[in-house]
Amino acid sequence: MNKRLIESLQERIAERYREHPLMKACRAAFTDYQADMNFLLFSPVEVFVEAADIIDGLFDEAVNDKDYVAGLWNRLTIKYKLWQPGTPGEEVQTAVCSVFYAVAVSLSVCDEGYFRETLKEAILDEVYRHKSIVKQQEDVVIVRLATYANELKTWMDEYVKSVSRFSDEIQAVIKGEPLFANAVINPQYSTAVISKLHQLMEGKEKPKDVMMPVRAAMDVGAIRRPTDEEFCNEFGHNRVKGKSSINDYTNPDKTPYSGPDFEAMKNEFRELIKG
């Protein structure tokens, strides 16, 4: 995020992701820091957005992680100084460290040792290399973030397997674009739910078969009824012939599906959103 989000857009992100574990962790850990600032007023929502962007950068196979991490502190420092010229150095460091800690805790719950150990330690080493007001309170910060470790792990386990970028989803929400992820009721499970929908649609050609997983997810409360645009943007404009199929098979007043296959799909989605 190069330009700072205005308050109304921060509110949009806060509302959309209020139940996301990374957002909950950022609110728990960093609300006090915003209250103590006099100039930058770096919010938990901004920590959330910035951390998501950095996590995506670390997951990018085309990126040299060591170089990326090594230059990250200065890049963020410059960015936040430009956001609010004249901000005291301690406030800028507080903002940078907040993002670093949020990223480190997210990486610490990954199953893969490279993320859980190597990259997490590289991120924390950057903090330790700089005198920081946040570092003096590290134990408190880590404990607050780690309160949501189990939920973060559930999210990260699915996210590391995903081909989509969380930061792109956030940007689409900011722009008000009709993403299918907006239809997922709890954004914590958006990656898992959408991946499962793609999996269950694979190889299906008849519109009724294509739409069955969507209706199963709707019926168990994993998603709301998606709009035509949301469906087409995620699954392709040619996935079904005509928008009437989308509307017919997702109409809550109709019951187009029954039988063991449909019940099995519903159970799969129930398991995904159990947490």
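On a 1 Å grid over the protein atoms alone, a pocket is an open set of points where a 1.4 Å probe fits, with protein on both sides within 12 Å along at least five of seven lines, and its lining residues have an atom within 4 Å of a point.

The model you are looking at is predicted, so local features need pLDDT of at least 70 and side-chain atom pairs count only at pLDDT 80 or more, while totals for chains, interfaces and linings use all residues. Residues are numbered from 1 along each chain as its sequence is written, and side-chain values use heavy atoms, leaving out hydrogens and water.

Let's start with the largest pocket, which holds about 300 Å³ of space. It is lined by 17 residues, and Ser162, Ser164, Glu169, Ile194 and Glu234 are the closest to its centre. The most comes from α11, with five residues. By class, the lining has six nonpolar, six polar and five charged residues. Here Ala, Val, Leu, Ile, Met, Phe, Trp, Tyr, Cys and Pro count as nonpolar, Asp, Glu, Lys and Arg as charged, and the others, Gly among them, as polar.

The second largest pocket has about 260 Å³ of space. Among its lining residues are Asp56, Phe59, Glu112, Tyr159 and Arg165. This lining divides into five nonpolar, two polar and five charged residues.

Now for the helices. Two packed helices are described by the angle between their axes and the distance between the axes. Axes are lines fitted to C-alpha atoms over the stretch in contact, and angles run from 0 to 180 degrees between N-to-C directions. Helix α2 (residues 21-36) and helix α6 (residues 89-108) have axes that come within 11 Å and cross at roughly 150°, so α2 and α6 are roughly antiparallel (over 145 degrees). Leu22, Cys26, Phe30 and Tyr33 of α2 meet Thr94, Ser98, Tyr101, Ala102 and Ser106 of α6, where contact means heavy atoms within 4.5 Å. That contact has six nonpolar, three polar and no charged residues.

How do α1 and α3 lie to each other? Their axes are 10 Å apart, at an angle of about 75°, and α1 and α3 are therefore roughly perpendicular (65 to 115 degrees).

Technical notes:
Grid points are joined across faces, edges and corners, and a volume is the space filled by probe spheres set on the points. Helices (H or I, at least four residues) and strands (E, at least two) are DSSP runs, numbered from the N terminus. Angles under 35 degrees count as roughly parallel, over 145 as roughly antiparallel, 65 to 115 as roughly perpendicular and the rest as oblique.
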